[in-house]
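The sequence and the structure come before the discussion.

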Amino acid sequence: MQSSIRSAKSSDQVNSFQSVPDLEKSMYMAIDGYPCVRLLNLSGEIGCSNPGRANIVAPVTRFKTANKLAEPSALLVSIDQFEDLFARHLDINEDRHVVGVLVESGSQLPNGSKGFSPDKKFPQAEFAPYQSGNFEWNPTGSGLMWKAYNFPVFLLSNSSTLALQEVALKNEKRKKSYTVDVADFDLVMQTTKSGTRDSGSCLREQTCLPLGGYSVWSALPPIIVSSSKKAKPMILTVASMDAASFFRDKSVGADSPISGLISLLAVVDALSHVDGLGDLDKQLVFAVFTGEAWGYLGSRRFLLELDQHSDAVSGLDSALIETVLEIGSVGKGFAQDDKTFFAHSTKESATNRTLSALKDALGSLKTQSIKISRASKSNPGLPPSSLMSFLKKNAETSGVVLEDFDAAFTNKFYHSHLDDLSNINSSAIVAAASVVARSLYILVSEKKEINNSVLNTININASLVEELLGCLLGCEPGLTCELVNRYIAPSTSCPSHYVGVFLGESSSQPYPGNVGDVPRFVWNFLADKTAIPSKNTSSACPKGCRGNGEMCIKAETDGKGVCVISTTRYVPAYSTRLKYESDTWEVLPHNSSDTMGAADPVWTESNWDTIRLRVYTVQDTRFDSWILLLGITVTVLSYIIIVISKAFITKALKRD
């Protein structure tokens with residue numbers, strides 16, 4: 001028997017129910033939160049799911065390490081208790097009394113210096129171009145997100161945290177009460193229902209989809225493919241736009257990697273105002289990869305597309321990529337008065353030119369507040385980065401990764417929902433972008449004398465950086481900000497940088513509905529900033545944009561768009577060991593030419609019908625037991641009384 005938390009206490013309220021949904025709203029309290037979901041790879045599964053086909057219903061109880069649970073419960077924990085519960089209670093999957101976990105929201109841990117990272121101490125070590133798996137790039141890493149949990153786990157919103165704290169407190173005081181408030185978890189995964197426990201089987205049974213999305217690359221100035229001019233050597237600048245987290249839709253990634261993405265966008269904006277880039281010796285190319293947190297999906301697929309000379313990379317040639325400059329985590333470069341960025345490089349001889357350009361750029365800024373240092377030689381090699389894919393492909397690749405750390409992450413919330421806007425500062429991003437923008441101008445001007453007057457005009461728009469922070473790392477304004485709305489019509493206001501799943505067949509011109517909000521914004525932004533105006537101003541967009549190099553941007557905002565000449569393209573980002581054919585995904589055998597394919601887990605995400613969490617009040621099962629016992633007792637006594645009465649009446653009638 002169920003009664004409402006928000007019970008209707010007056011007849012007026014009862015009479016106000018006009019429909020079944022009205023009644024449901026009065027009985028159930030919907031809880032806002034972010035679920036941990038089931039992910040799979042070729043060898044098994046990670047993440048969270050209900051253990052079977054049905055919902056999980058259990059009383060809400062505060063987690064107390066000192067007390068053993070007396071009954072199956074949904075534990076309400078703070079973020080520091082969460083790590084303790086999962087890390088120290090190794091038999092949590094075997095504890096039948098833990099049937100669900102509710103994690104309170106909070107911007108910081110009580111002990112902020114401790115940090116919280118559910119990733120490994122060496123993230124994605126299996127893809128490193130060197131053997132040093134015991135090195136700890138991420139000292140606070142616990143590895144919790146890489147394990148499987150056979151019960152639901154939700155991160156609560158701020159409002160829901162307060163509501164559940166009241167519910168837990170009410171349950172603590174219910175010793176003499178016959179009711180209890182329970183959480184109802186609907187986190188049933190299709191892979192659990194069907195018994196498909198790895199990527200190979202779930203893709204065959206179509207109970208999951210591969211992780212992936214679309215990366216974006218752009219050339220400044222545009223590359224005219226049919227041009228008779230000799231192709232120039234290329235300087236490739238890269239960043240990532242996807243993050244990971246224990247909780248699917250709370251993958252913020254402010255420092256790692258969104259600070260690098262924002263820095264790259266600010267660099268493109270600054271260089272777009274420089275005249276004469278087309279007359280210089282080299283070509284600038286910018287790439288923003290997605291899926292990097294899940295086996296470097298974006299960078300590996302990008303390199304494969306280059307090998308296959310696909311339409312997605314038309315105009316690029318891997319043989320012409322002279323050097324790679326990656327902008328990594330740069331949002332904490334000014335933390336604790338430490339104003340130093342670190343350049344992690346491949347072979348020293350191959351990267352001297354890039355390192356020299358960084359130092360010359362720094363000198364041109366004429367400031368003592370920014371420093372660039374070469375990373376420690378005691379490091380085993382590059383930190384986790386997209387550049388690893390390039391180095392695995394070609395060990396002679398010249399490349400540098402610019403980071404805000406030397407031998408260990410300064411980001412203590414790496415791949416955690418706590419890596420939010422409060423974890424970074426905009427001045428560090430502006431500083432990193434300032435150095436990179438001028439470095440790139442120096443690199444593409446190699447054989448020509450550097451024009452210092454031009455170099456000194458390359459400045460980062462700090463207001464743009466602040467605007468991008470508000471658009472990409474928060475809900476207010478979030479993706480509804482004026483800058484994003486100038487280019488796309490976002491599907492939501494709160495950005496999530498989780499890679500998502502790959503929908504449909506891959507294409508260099510995908511259907512917009514199959515591309516996430518952030519990649520669509522990045523594509524439009526880069527296309528706009530790197531474009532030269534089209535002479536075709538009268539034709540309808542996009543059908544009228546048929547000139548050489550022409551494309552349509554901003555089409556989502558007003559349905560019309562603008563024709564520009566730009567070399568900006570989408571590149572599919574999914575496992576190089578997957579093939580889409582006849583509306584199904586197939587896992588391919590390992591190809592010896594794919595150097596990272598052997599380590600590729602082939603990540604997939606389980607399908608589901610709905611994900612829902614709600615709270616309502618039920619009678620305590622102990623009270624139900626007493627009612628049942630009382631009913632049985634009354635029934636037995638009634639039967640005895642009837643038998644005795646019948647015998648007495650029969651005897652009395654015989655006397656008469």
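## Basis of the description

The model is predicted, and local features need pLDDT of at least 70, side-chain atom pairs count only at pLDDT 80 or more, while totals for chains, interfaces and linings use all residues. Residues are numbered from 1 along each chain as its sequence is written, and side-chain values use heavy atoms, with hydrogens and water left out.

Two packed helices are described by the angle between their axes and the distance between the axes. Axes here are lines fitted to C-alpha atoms, for helices over the stretch in contact, with angles that run from 0 to 180 degrees between N-to-C directions; helices (H or I, at least four residues) and strands (E, at least two) are DSSP runs, numbered from the N terminus. Helix α7 (residues 254-271) packs with helix α15 (residues 517-529) at an angle of about 20 degrees, the axes being 9 Å apart. The two are therefore roughly parallel, given that angles under 35 degrees count as roughly parallel, over 145 as roughly antiparallel, 65 to 115 as roughly perpendicular and the rest as oblique. In this pair, Leu261, Leu264, Leu265, Val268 and Asp269 of α7 meet Phe521, Val522, Phe525, Leu526 and Lys529 of α15, contact meaning heavy atoms within 4.5 Å.

The axes of α7 and helix α13 (residues 462-472) come within 10 Å and cross at roughly 140 degrees, and α7 and α13 are therefore oblique to each other. From α7, the residues making this contact are Ile258, Leu261, Ile262, Leu265, Ala266 and Asp269, and from α13 they are Leu464, Val465, Leu468, Leu469 and Leu472. By class, ten of these residues are nonpolar, none is polar and one is charged, where Ala, Val, Leu, Ile, Met, Phe, Trp, Tyr, Cys and Pro count as nonpolar, Asp, Glu, Lys and Arg as charged, and the others, Gly among them, as polar.

## Nonpolar cores

A nonpolar core is a set of buried Ala, Val, Leu, Ile, Met, Phe, Trp, Tyr and Cys residues joined through side-chain atoms within 4.5 Å; buried means under 20% relative accessible area, exposed over 50% and partly exposed in between (1.4 Å probe, protein chains only). The largest nonpolar core has 91 residues, of which Leu440, Leu472 and Phe521 touch the most other members. Helix α11 (residues 426-444) gives the most to this core, with 14 residues. Leaving aside neighbours within four places in sequence, Phe521 is in contact with Leu265, Leu468, Leu472, Leu483, Val484, Tyr487 and Ile488. A second, separate core of 55 residues includes Val60, Leu155, Ala183 and Val615.

## Gly100 in strand β8

Gly100 is found in strand β8 (residues 98-103) and counts as buried, at 0% relative accessibility. Not counting residues up to four places away in sequence, Gly100 touches Ser73, Ala74, Leu75, Phe151, Pro152 and Phe185.

## Backbone features

Most residues other than glycine have a negative phi, and most peptide bonds are trans. A cis peptide bond joins Ser256 and Pro257, with omega about 10 degrees, and Pro257 lies in helix α7. Another cis bond joins Leu220 and Pro221, with omega about -5 degrees.

Tyr296, although not a glycine, has a positive phi of about 50 degrees and is buried, with a relative accessible area of 3%. Lys366 also has a positive phi of about 50 degrees without being a glycine, but Lys366 counts as exposed at 73% relative accessibility.
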